[in-house]
Every structure is written in C-alpha cells, then in structure tokens.
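Hi,

Here's the structure I said I'd pass along.

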Amino acid sequence: MQIKAAVAREKGQKLSLENLQIDEPRENEVLVRIVAAGICHTDLSVRDQHVPVPLPVVLGHEGSGIVEKIGSRVTKVKPGDKVVLSLGSDGECEKCKAGLPSYCEHHNEYNFAGSRLDGSVSLHHHDEDIHSHFFSQSSFATYSIADESGVVKVEDDAPIEYLGPFACGIMTGAGSIMNTLRPEPGTSIVVFGAGAVGLSAIMAAKVVGCTTIIAVDLKENRLELAKNVGATHVINPSKENMVERVKELTNGKGAHYAFESTGIPHVMSDSFDILAENGSSYITGVTPLGTKLDLDIWGLIKGRSIRGGVMGDAVPSTFIPRLVELFQQGRFPVDKMMRFYRLDEINQAIEDVESGTTVKAVLRMDK
C-alpha cells in the first residue's frame with residue numbers, strides 16, 4: 001500500500017514528504033491509519049543525530065489513529081478501534097513485569113533501532129529501504145505499522161485528533177507528578193520549563209491538589225499559558241531573582257516539590273536548591289551523555305532528594321486512558337497548548353516549535 005510520510009534523510013536537514021510503500025502487518029503488529037501525531041524534541045534530536053538512529057528514517061512517536069488491520073496474534077485491539085501509539089517494550093523482562101515498561105531491558109531495540117527486532121523495516125521507497133518502527137511506530141505518516149506492545153486502546157468517543165501527544169510529552173509531565181512525586185494536597189511545587197512536558201506537569205499538579213504551583217520560564221507567552229492551565233504564580237528568571245521569589249512564595253521555607261524539564265544542568269541544580277527540607281525534585285530534561293550535576297551535599301544531608309526518570313514512570317495502557325478521561329472532563333486542558341498543522345507543513349511546524357512560538361505542534365493527517 002502507498003502512503004505519504006515525512007522522511008529524515010540527512011543530519012540536521014528538513015524532512016522530505018515522500019510517497020512510500022508500507023508492508024502488511026506481521027503477526028504481532030497493527031496497521032493504523034494515523035489521524036494525528038505530535039512533534040516532540042526527541043524527534044528533532046534524532047533528525048540532528050544527537051540520538052543515533054539510522055537514516056533515512058520516518059520519525060514520529062506520538063501517534064493516534066484508527067486500527068485498519070491486525071496481525072494473527074494481536075489481541076489488544078481490533079479494526080475500527082481508536083488508539084494512541086506509545087513506546088514499545090518486550091513485556092517479559094524484569095522491569096516490564098514490575099510495571100516499568102519505559103525501563104524495559106530492550107528499550108533501545110524497540111524504540112531507537114529504526115527497525116524491527118530482526119533488523120527488517122516496514123517502509124520502502126522503490127528499491128530503497130526506509131528505517132521504520134521509531135518508538136515502534138514511525139507516525140509522521142498517513143499510515144503506521146505499530147508493534148502491539150505500544151498500542152493503547154481508547155474509548156470510542158475519545159477526540160482522537162488531540163490524543164497523540166499523550167503518548168510521550170503529556171504522559172511524561174503528568175506521570176512524573178502523579179506516579180513518582182505524588183505530592184500531597186495543599187503542598188507547593190515549582191515547575192522549571194513551561195513547554196509541553198512542564199505544562200502537563202502543572203495541570204497534573206492542579207489535579208492532585210497542589211495549592212502553590214510556580215512556573216519558571218524565560219518566555220512570557222509560555223508563562224501566560226502556564227497561568228491559564230493551573231499555575232498560581234510565574235517567574236521569569238531574566239527579570240527577577242528566582243530563588244528569592246520562590247522563598248517568598250513559600251514563607252521562606254522552599255518548595256515541597258520541584259519538577260525540571262529544561263535539560264539545562266544549572267536549572268537541574270536550581271530545582272534541588274529551592275527545595276524545603278525533606279523536599280523532592282524530579283528531573284526529566286535530556287542532557288548530553290556524561291553531563292555532571294552540581295549539588296550541595298548539605299542539601300542532601302537535610303533530607304532533600306533528587307532523581308530522574310523516563311516517560312513519567314507510566315504504564316501507557318492504563319495511564320493514558322486515565323489522562324484522556326481527565327481531558328474529556330475538562331480537568332486536564334492540554335488542547336490549550338496545541339496548534340495543528342498539515343503533514344505537508346511539518347517543517348514549518350518544527351521551526352515554530354524550535355522558535356518557541358508553538359508549544360505543542362500536532363500534525364493532522366486528514367487535513
């Protein structure tokens with residue numbers, strides 16, 4: 001079958017919209033007609049080869065759509081089901097059995113190899129193989145072959161065009177709050193970075209009952225959006241002393257919790273330094289391998305803690321439907337940070353994400 005897809009062919013270059021051939025799904029795979037797909041900074045990191053996935057490749061790992069065909073061993077979904085496509089995992093290793101699929105022992109093979117486990121691909125341009133199965137999906141396309149492990153069924157009345165970003169960025173921000181930090185009602189939290197991940201964390205903090213929610217960012221448009229989705233206070237560090245302002249807003253004690261999504265090492269250290277005694281910080285921003293973190297040892301001795309995590313420590317098959325229900329109830333308004341683009345506008349969408357004019361770009365394949 002012929003499809004349209006955005007192909008990353010050269011390091012750092014624009015994606016090219018091409019007609020490709022897609023294989024039939026194998027026994028453990030699902031053919032999905034993609035309705036929408038979010039653009040995430042991880043996609044851009046691969047395009048620029050900061051993350052080594054072989055080229056040429058079809059990226060995209062926040063897909064949502066409708067099941068068209070299923071392989072003979074697929075049991076989770078059937079044709080016609082609405083689905084969100086998230087990360088792949090083996091389901092059998094120690095981490096998967098412990099409910100931590102984002103730490104699967106074969107995470108790289110399922111998500112960053114650019115192929116199936118046997119090295120084959122599902123996409124072709126005439127006689128040329130195009131790397132596929134990025135995050136077990138490659139959803140910057142009108143159709144995707146997805147590994148069953150990453151397919152999440154949602155309800156028939158779910159607004160599928162909004163749900164692709166739930167697969168990664170939204171799940172990461174919300175899961176970090178709800179699954180890992182688990183702040184008590186009435187507590188304070190500082191969220192560093194008001195992009196899609198940080199804004200999702202802010203919304204989740206409001207849902208769980210935090211009463212002081214402080215957003216920190218350098219871009220005024222993002223701070224305004226943060227206030228619109230749940231932040232009680234905002235700080236622009238270029239205009240005021242961030243540490244002093246946090247102390248002021250927390251009666252001089254510091255925050256109970258902090259969440260960092262910028263990937264900037266000194267901001268990670270800041271997320272630890274503004275904590276109250278016995279406070280906890282969670283970092284999820286990506287830095288180059290080997291980057292060191294500067295911490296005050298006395299801060300640790302005073303009971304403060306800091307840890308990192310992947311994709312909100314979530315089990316997508318159960319966590320994503322819960323977030324979707326909150327969204328449908330109007331309690332998790334992620335649509336406020338989304339802007340839609342056609343597939344043939346993907347390079348403009350990427351430019352808008354990189355410049356900060358768009359917080360969450362979402363490609364609509366049916367437009």
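Let's start with the inside: strand β9 (residues 143–147) gives the largest share of the lining of the largest cavity, three residues. Helices (H or I, at least four residues) and strands (E, at least two) here are DSSP runs, numbered from the N terminus.

Before going on, a word on the model: it is predicted, so local features need pLDDT of at least 70 and side-chain atom pairs count only at pLDDT 80 or more, while totals for chains, interfaces and linings use all residues. Residues are numbered from 1 along each chain as its sequence is written, and side-chain values use heavy atoms, with hydrogens and water left out.

Back to that cavity. The volume is about 40 Å³, and among the lining residues are Ile3, Ile22, His133, Gln137 and Tyr143. The lining divides into six nonpolar, six polar and no charged residues. (Ala, Val, Leu, Ile, Met, Phe, Trp, Tyr, Cys and Pro count as nonpolar, Asp, Glu, Lys and Arg as charged, and the others, Gly among them, as polar.) On a 1 Å grid over the protein atoms alone, a cavity is a set of points where a 1.4 Å probe fits but cannot get out; a pocket is an open set with protein on both sides within 12 Å along at least five of seven lines, and lining residues have an atom within 4 Å of a point. Points are joined across faces, edges and corners, and a volume is the space filled by probe spheres set on them.

The second largest pocket holds about 240 Å³ of space. Its lining has 15 residues, with Ser89, Pro101, Ser149, Val315 and Ser317 nearest the centre. Two or more lining residues come from each of α2 (94–97) and α10 (316–328). This lining does include charged residues, three of them, beside six nonpolar and six polar.

α10 also packs on α4 (residues 169–181), at about 95° with the axes 11 Å apart (axes are lines fitted to C-alpha atoms over the stretch in contact, and angles run from 0 to 180 degrees between N-to-C directions). The two helices are therefore roughly perpendicular, the word for 65 to 115 degrees. The contact (heavy atoms within 4.5 Å) includes Met171 and Met178 of α4 and Phe319 and Leu323 of α10.

Cheers

Note on methods
Angles under 35 degrees count as roughly parallel, over 145 as roughly antiparallel, 65 to 115 as roughly perpendicular and the rest as oblique.
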